[in-house]
Amino acid sequence: MGLFASKPAPYADGETSITIVGAGLVGSLLAVVLRSKGYDVRIFERYGDIRAIPSVGRSINLVATVRGLRALRALPPDVCERLLQLGTKVTGRVIHTTDGEALFQRYGKDDSEFNYSISRYELNKFLLSEAERAGAEIRFGHRLVGVDPEGVTLTFDKGDGAFDVTCLGPVLACDGGGSGVRKALGDVATEALLDSGYKEMLFPKGTSLETHGLHIWPRGTHFLMALANLDGSFTGTIYMVNEGDGATFASLENGGVEAAEKFLEEAYGDALAHLGGAKRAAEQLVKNPRGILGTVRTKTWAFGGKLALVGDAAHAIVPFFGQGMNCGFEDVDVLCALLEAKAPPGSAAPDFAGAFAEYEAKRKRNANAIADMALENYVEMMDRTGDPDFRKAKAVENALENSALGSRFRSRYAMVCYGGGRQPGGVQYDDALQLGKVQWDIVCELAAGLDDPEHAAEHLDEAKAAALLDSKLAPLQAELGVDLSTISHHA
């Protein structure tokens, strides 16, 4: 019978009925959660039903972390379990150095703290089906061409002329980084594109790469990464400057397969066997389409009680912290809790304006914080992960987390991926940004005298570490009101 005991009555646009624009990951999950709370929901999606369309390139594998997965609490346990079966567990980075070494950098304290590598395409199909099963009405092939936020009236085109849809209840825009809703509202956002892009590079089945790791080949001005798929293949992605001097996508595309093959042999020789050989990899590098990388920061997320932006429509970020989807899912968790409290279904006086205003106040600073951290991680993944001093600091960081001081220290990565939540003391993105800067200074000071990162735990000066935590970190933790015990791998 699906998520609910019965299907809703045919959709009627009442004052607590909710219209969602966009049936991507965030829009589909939002529909599921809202239906679980009793709201009438309809979705308008620009494109056709992806469940009837084969997957195509330019789809970076997603990293699902506890922070985002908390929004799935509205789903029954068996549905959550089926969703997680779409992914593979990832416990850390595997850094492939230029001299052929493969170095493991753990994400959390131990193997009990992990993320999931999951196909965007498969996850979107799953959530669409669950939204339909929950009773949401989904209308595909509706291209948004206009928005009147006063009405609220949405203008769509199905290919045979424009028509208006007037919404008595609120509209939630979940239509991605290029949001048509946001753009129709005027000058409410800034969009900053990187001068770099990305291309998908498929690693075929049969590779000997470990499935538990996010594999990174850092090469200074460009890098290759790979995440495991369920079928034994890996979805690889190469990141590089689009145009300019040196190795760029433009120069390699113009040079053709032969030039790309030479470049790959020089920069990624140890990866070519996993990519199916130099020629196959070069053909992918030359012929696969480029994807764009950018950050969207929106000045206004909520427009009275009539319209709000959710997910990438409000805050698109670059993928280098693996938090784009997780941040959007956390939006869903926060927003739905506020709606249930301030504008429950059937309410005689629903306070959508209050719910949306508090949602923006809670989420905007955190979205800006993870956008900043994602940009910082771009440099880290491209260059610093292979640096010996960086590797020493990461070894000290993990040793500190697993020491007797572990209850007083968690890495920025752990705070970002396993923090969050709505409980008091939960570590939000903005907290992680501020605390992370102080923590990294402490870790680097402790690592300064370390010669061998392999024995960081044995040589950790716990007395010095405790003094540094007391003098530098504890005051900021108290000021922010965070409780590190809230960080957990369990949603």
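Is Arg182 buried or exposed? At 1% relative accessibility, Arg182 counts as buried, because the cut-off for buried is under 20% relative accessible area. The structure is a predicted model. Its protein chain has a mean pLDDT of 91, and 95% of the residues reach 70 or more.

**Confidence**

- Residues 1-12 have a pLDDT that stays under 50.
- For residues 1-12 the model has 26 contacts beyond four places in sequence.
- Where pLDDT is low, the predicted coordinates should not be read in detail.

**Salt bridges**

- The structure holds 31 salt bridges.
- Side chains of opposite charge can pair when their charged atoms come close.
- Arg182 is one partner in such a pair: it forms a salt bridge with Glu191, and the closest N and O atoms are 2.9 Å apart.
- Asp331 and Arg363 also form a salt bridge through their side chains, at 2.7 Å from N to O. This pair links distant parts of the chain, with Asp331 in helix 9 (residues 324-342) and Arg363 in helix 10 (residues 352-382), 32 residues apart.
- Asp331 has a relative accessible area of 0% and is buried. Arg363, at 2% relative accessibility, counts as buried.
- Asp331 and Arg363 belong to a network of salt bridges that links them with Arg67 and Glu330.
- Lys342 forms a salt bridge with Glu358, where the closest N and O atoms are 3.6 Å apart. This pair, too, links distant parts of the chain: Lys342 is in helix 9 and Glu358 in helix 10, 16 residues apart.
- Lys342 is partly exposed, at a relative accessible area of 30%. Glu358 is partly exposed, with a relative accessible area of 30%. Each value falls between the cut-offs, since buried means under 20% and exposed means over 50%.

**The second largest pocket**

- The volume of the second largest pocket is about 490 Å³.
- Its lining is made up of 20 residues. Those that lie nearest the centre of the pocket are Phe104, Arg391, Ala395, Pro453 and Glu454.
- Strand 6 (102-106), helix 11 (388-401) and helix 14 (456-459) are the elements that give two or more residues to this lining.
- Helix 11 gives the most to the lining, with 7 residues.
- By type, the lining residues of this pocket divide into 8 nonpolar, 5 polar and 7 charged.

**Phe329, in a helix**

- Phe329 has its place in helix 9.
- At 2% relative accessibility, Phe329 counts as buried.
- Not counting residues up to four places away in sequence, Phe329 touches Leu25, Val26, Leu29, Gly68, Ala71, Leu123 and Leu127.
- Phe329 and Leu144 are 185 residues apart along the chain, and their C-alpha atoms are separated by 23 Å.

**Residues in loops**

- Cys174 sits in the loop between strand 12 (171-173) and helix 5 (180-184). Its relative accessible area is 8%, so Cys174 is buried.
- Leaving aside neighbours within four places in sequence, Cys174 is in contact with Ile20, Val21, Gly22, Val26, Gly27, Leu30 and Val310.
- The C-alpha atoms of Cys174 and Ala313 are separated by 5.8 Å, although the two residues are 139 residues apart along the chain.
- Thr248 lies in the loop between strand 16 (234-241) and helix 6 (249-267). Thr248 is buried, at a relative accessible area of 1%.
- The contacts of Thr248, leaving aside neighbours within four places in sequence, are Met240, Val241, Asn242 and Glu243.
- Asp383 is found in the loop between helix 10 and helix 11.
- Is Asp383 buried or partly exposed? Asp383 has a relative accessible area of 43% and is partly exposed.
- Leaving aside neighbours within four places in sequence, Asp383 is in contact with Pro218 and Gly220.
- Asp383 and His222 are 161 residues apart along the chain, and a distance of 8.0 Å separates their C-alpha atoms.

Definitions and conventions. Residues are numbered from 1 along each chain as its sequence is written. This is a predicted model: local features need pLDDT of at least 70, side-chain atom pairs count only at pLDDT 80 or more; totals for chains, interfaces and linings use all residues. Side-chain values use heavy atoms; hydrogens and water are left out. On a 1 Å grid over the protein atoms alone, a cavity is a set of points where a 1.4 Å probe fits but cannot get out, and a pocket is an open set with protein on both sides within 12 Å along at least five of seven lines; lining residues have an atom within 4 Å of a point. Grid points are joined across faces, edges and corners, and a volume is the space filled by probe spheres set on the points. Helices (H or I, at least four residues) and strands (E, at least two) are DSSP runs, numbered from the N terminus. Ala, Val, Leu, Ile, Met, Phe, Trp, Tyr, Cys and Pro count as nonpolar, Asp, Glu, Lys and Arg as charged, and the others, Gly among them, as polar. A salt bridge is a side-chain nitrogen of Lys or Arg within 4 Å of a carboxyl oxygen of Asp or Glu. Buried means under 20% relative accessible area, exposed over 50%, partly exposed in between (1.4 Å probe, protein chains only). pLDDT is the predictor's confidence in each residue, from 0 to 100. Contact means heavy atoms within 4.5 Å.
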